[in-house]
Structures are given as structure tokens and as C-alpha cells.
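The following explanation is intended for a reader who meets this structure for the first time. Please keep the sequence and the model in view while reading.

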Amino acid sequence: MERIIDLDQAAAVIAERAEQWLAAGLKVGQVTWRDATAPWPQRLETDRGLMRDPDSVGVLIRGPADAELSVVLFRGGWADVDYWDGLDDGGPIPAFDINSAAAFTTRLDLWVPRVFGNLGENATT
């Protein structure tokens, strides 16, 4: 898989945003990593130090009314994004052509309010 995204930079974005999401009342799971060199089935790990060749980083965010947002970013420049708003809307969100940690940040700042609503001025900036 081509290396388009620096996953360590993307994990730093998640960590930075996590403080704001927590302050807004969301629950943020641990960042998970998958190693491209691990035998199948590849396990998700929370310890970055166990990764020889990470090919994805992900996080699960939960909010009121059982709302959830699951984001798994792949170093090839796309993400698997799924959500449930806790009421009547959910499913995958297309996430292709992510070419940098900055582009990932922009997408996160769109996905979180889509699922959880406006969390306040400081929740996504």
C-alpha cells in the first residue's frame, strides 16, 4: 500500500481533537493501530510501539443517545468511516483522496458535527 498519509501525524490530530471532544461530553476510545506486516488476521493494537509497519490508525467516538462515529484512516489516503446518530440516520461516509494529516483534520472537523451536532465553538477547532 502506498504511503500517502503519515499515520503518526494523523494520530496526533486525533489526540489533539480528543481533548476537545471529551470537554464537549463525548467518549473517545483509545487510538488503534494495525500492522501491515502482522499475520492474518491482523489484530488491532493500542500500543504504537508494537507496530513495525502501521497501515491504519483508528478511533471510536461515542456520544449521547448511543451515537457513534468510527474512523479508520489508511496510509494509502482513504478512511473507513461509519456512523450512527443515535436516532434514525447512519451508515458509511465516503472518505477518499485524503492526502495529508491536514486534509484528515478537515474531514474530522466535518464528520464529528455531522454525527453529534454542534458541540460548541471549541469542540472542533
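The paragraphs below treat the helices, then the strands, and then some individual residues.

The model is a predicted one, in which local features need pLDDT of at least 70 and side-chain atom pairs count only at pLDDT 80 or more, whereas totals for chains, interfaces and linings use all residues. Residues are numbered from 1 along each chain as its sequence is written, and side-chain values use heavy atoms, with hydrogens and water left out.

Helices and strands are named here from DSSP runs, numbered from the N terminus; a helix is a run of H or I with at least four residues, and a strand a run of E with at least two. Helix α1 covers residues 7-23 and helix α2 covers residues 101-116; their axes come within 9 Å and cross at roughly 30 degrees. Such axes are lines fitted to C-alpha atoms, for helices over the stretch in contact, and the angles run from 0 to 180 degrees between N-to-C directions. The two helices α1 and α2 are therefore roughly parallel to each other. In this scheme, angles under 35 degrees count as roughly parallel, over 145 as roughly antiparallel, 65 to 115 as roughly perpendicular, and the rest as oblique. The crossing of α1 and α2 is right-handed, a term used if the near helix is turned clockwise from the far one by less than a right angle. On the side of α1, the contact is made by Gln9, Ala10, Val13, Ile14, Arg17 and Trp21, and on the side of α2 by Ala101, Phe104, Thr105, Leu108, Asp109 and Val112. Contact here means heavy atoms within 4.5 Å. Of the residues in this contact of α1 with α2, 8 are nonpolar, 2 polar and 2 charged. Ala, Val, Leu, Ile, Met, Phe, Trp, Tyr, Cys and Pro count as nonpolar, Asp, Glu, Lys and Arg as charged, and the others, Gly among them, as polar.

The strands come next. Two strands are said to pair if DSSP finds at least two bridges between them. Strand β2 (residues 32-35) runs antiparallel to strand β4 (residues 54-62), and 4 bridges join them; within this pairing, tryptophan 33 has valine 57 of β4 as its bridge partner. Strand β2 is also joined to strand β3 (residues 44-45) by 2 bridges, again in the antiparallel sense, and arginine 34 stands opposite leucine 44 in β3. In the loop between β2 and β3 lies proline 41, which a cis peptide bond with omega of about -5 degrees joins to tryptophan 40.

Strands β5 and β6 pair in the antiparallel sense over 7 bridges, with serine 70 opposite aspartate 82 in β6. They form a hairpin with 3 residues between them, and glycine 77 in its turn has a positive phi of about 105 degrees. Strand β6 pairs as well with strand β7 (residues 90-92), antiparallel and over 3 bridges; here aspartate 82 has proline 92 of β7 as its bridge partner. The hairpin of β6 and β7 has 5 residues between the strands, and its glycine 86 takes a positive phi near 85 degrees. Buried means under 20% relative accessible area, exposed over 50%, and partly exposed in between, for a 1.4 Å probe and protein chains only.

Several individual residues complete the account. Serine 56 lies in strand β4 and is buried at 3% relative accessibility. Beyond its neighbours within four places in sequence, serine 56 is in contact with Leu7, Thr32, Trp33, Arg34, Val72, Leu73 and Phe74. Arginine 75, in the loop between β5 and β6, is buried too, with a relative accessible area of 6%. Not counting residues up to four places away in sequence, arginine 75 touches Met1, Glu2, Arg3, Ile4, Ile5, Leu7, Ala36, Asp53, Pro54 and Asp55.

Most residues other than glycine have a negative phi. Aspartate 66 lies in the loop between β4 and β5; its phi is positive, near 65 degrees, and at 63% relative accessibility aspartate 66 counts as exposed. In the segment after α2 is asparagine 118, which is exposed with a relative accessible area of 72%.
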